[in-house]
Amino acid sequence: MRLENRTAIVTGAASGIGRAIARRFAAEGASVVVSDIRETPIWAPEGDDLPTVDAILAAGGSAEYVQTDVSSWDSVDALVSGTVDKHGRLDVMVNSAAVFESTNILDTTVENWDEVMTVNLRGQFFCCKRAVMQMIDQEMIGEVRGRIVNLSSQHGMIGPPEYFAYAVSKAGIAQMTRQLAVDYAKQGIMVNAVAPGRIITGTHPGEADMTDPELPYSYSRTPFSRLGEPDDIAGAALYLASDDCTFVSGHNLLVDGGWMAY
């Protein structure tokens, strides 16, 4: 119960990594605001395909769904304001909402670029800004007023072939994390990111039925005996959101099975 009596917002929580984080936080005692543009998962294993809120409630946790478009300031503002009106404060903001685009610069259209930057980078900017606005005046719990956990990526730290816009957006998130950590540490706001490697969520084409042609390469580059799962990221996010994380800020925590060490 490491998040007992804490309130957490998790964006992009209908599917994949965000869904796993929301469920793990609820299992650890948090009141979780499940935020996404859709309520039902894009893909989930058979027998585990309830909407995230329903899955949490069925397991005895506390959760509510708030439809949110992170690319809209008004939508993000309403999300945080509504959460604080109901729960009194915002302890943890997890920014997991993202869109995925895989192509090189020559094949990247202006529309592709704008969509990725609008959701992945501007969306996290809006969510981080609104979270800081709320957290900066909250009462301290120990040494911390609030925690922000962003989802960056291994792809934001390397030059992955054919991931131009996506990789640039994730690199921006990594830098945003460092900048916010430096700017607001003295005010008791801890800002970190989880940087996933190859995580099998079933939400990317070919993952659910294991026909993705990139899978053999991902296996060959990952020293660990398997590829990542959403619960691997949820565990890292839990650490960064909990009181176990006391002197870590501005860090992008790689969860990649050793890929970057290879």
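Buried means under 20% relative accessible area, exposed over 50%, and partly exposed in between (1.4 Å probe, protein chains only). In a regular strand the side chains alternate between the two faces of the sheet. Strand β1 covers residues 7-11, and five of its five residues are buried, so the strand is largely enclosed by the rest of the structure. Helices (H or I, at least four residues) and strands (E, at least two) are DSSP runs, numbered from the N terminus.

Five bridges join β1 to β2, and the two run parallel. V10 stands opposite V34 in β2. From β1 the chain crosses through helix α1 (residues 16-27) to β2, in a right-handed β-α-β crossover. Right-handed here means that, with the strands pointing away from the viewer, the path from the first strand over the helix to the second runs clockwise. β1 also runs parallel to strand β4 (residues 92-95), joined by three bridges. There, I9 has M93 as its bridge partner. Two strands pair if DSSP finds at least two bridges between them.

## Basis of the model

This is a predicted model: local features need pLDDT of at least 70, side-chain atom pairs count only at pLDDT 80 or more, and totals for chains, interfaces and linings use all residues. Residues are numbered from 1 along each chain as its sequence is written, and side-chain values use heavy atoms, with hydrogens and water left out.

## Overall fold

The chain has seven helices and seven strands. Along the sequence they follow the pattern β-α-β-α-β-α-β-α-β-α-β-α-α-β. Of the 262 residues, 50% count as buried.

The C-alpha atoms fill a box of roughly 50 × 40 × 35 Å, taken along the principal axes. The radius of gyration is 17 Å; a compact globule of 262 residues would have one near 18 Å, so the chain agrees with that. The radius is taken over C-alpha atoms, and the globule rule is 2.2 Å times the number of residues to the power 0.38.

## Strands β2 and β3

Strand β2 (residues 31-36) runs parallel to strand β3 (residues 62-67), and six bridges join them. The chain gets from β2 to β3 through helix α2 (residues 52-58), and this β-α-β crossover is right-handed. V32 has A63 as its bridge partner in β3.

V33 also lies in β2. With a relative accessible area of 0%, V33 is buried. Q134 is 101 residues away from V33 along the chain, and their C-alpha atoms are separated by 16 Å.

## Salt bridges

The whole structure holds 12 salt bridges. The criterion is a side-chain nitrogen of Lys or Arg within 4 Å of a carboxyl oxygen of Asp or Glu. D243 meets R6 in one of them, at 2.9 Å from N to O. D243 lies in the loop between α7 (230-241) and β7 (252-255), and R6 in the segment before β1, so the pair ties together parts that are 237 residues apart in sequence. D243 also forms a salt bridge with R147, with the closest N and O atoms 3.5 Å apart. R147 lies in strand β5, so this pair ties together parts that are 96 residues apart in sequence. D243 is partly exposed at 41%, while R6 is buried at 14% and R147 is buried at 4%.

R198 and D212 form another salt bridge, the closest N and O atoms being 2.7 Å apart. Both lie in the loop between β6 (189-196) and α6 (215-221), so the pair ties together parts that are 14 residues apart in sequence. R198 is buried, and D212 is too. R2, R24, E28 and D244 are linked in a network of salt bridges.

## Surface patch and positive phi

M157, I158, L254 and M260 form a nonpolar surface patch with about 280 Å² of accessible area together. Patch residues have over 30% relative accessible area and no salt bridge; like charges are joined within 9 Å, and nonpolar side chains (Val, Leu, Ile, Met, Phe, Trp, Tyr) within 5 Å. Areas come from the Shrake-Rupley method with a 1.4 Å probe; for residues, only the protein chains shown count as cover. M157 sits in the loop between β5 (146-151) and α5 (164-184). At 34% relative accessibility, M157 is partly exposed.

E162 lies in the loop between β5 and α5. Its phi is near 70°, a positive value in a residue other than glycine. Most residues other than glycine have a negative phi. E162 is partly exposed at 42% relative accessibility. N5, in the segment before β1, has a positive phi near 65°. N5 is exposed, with a relative accessible area of 70%.
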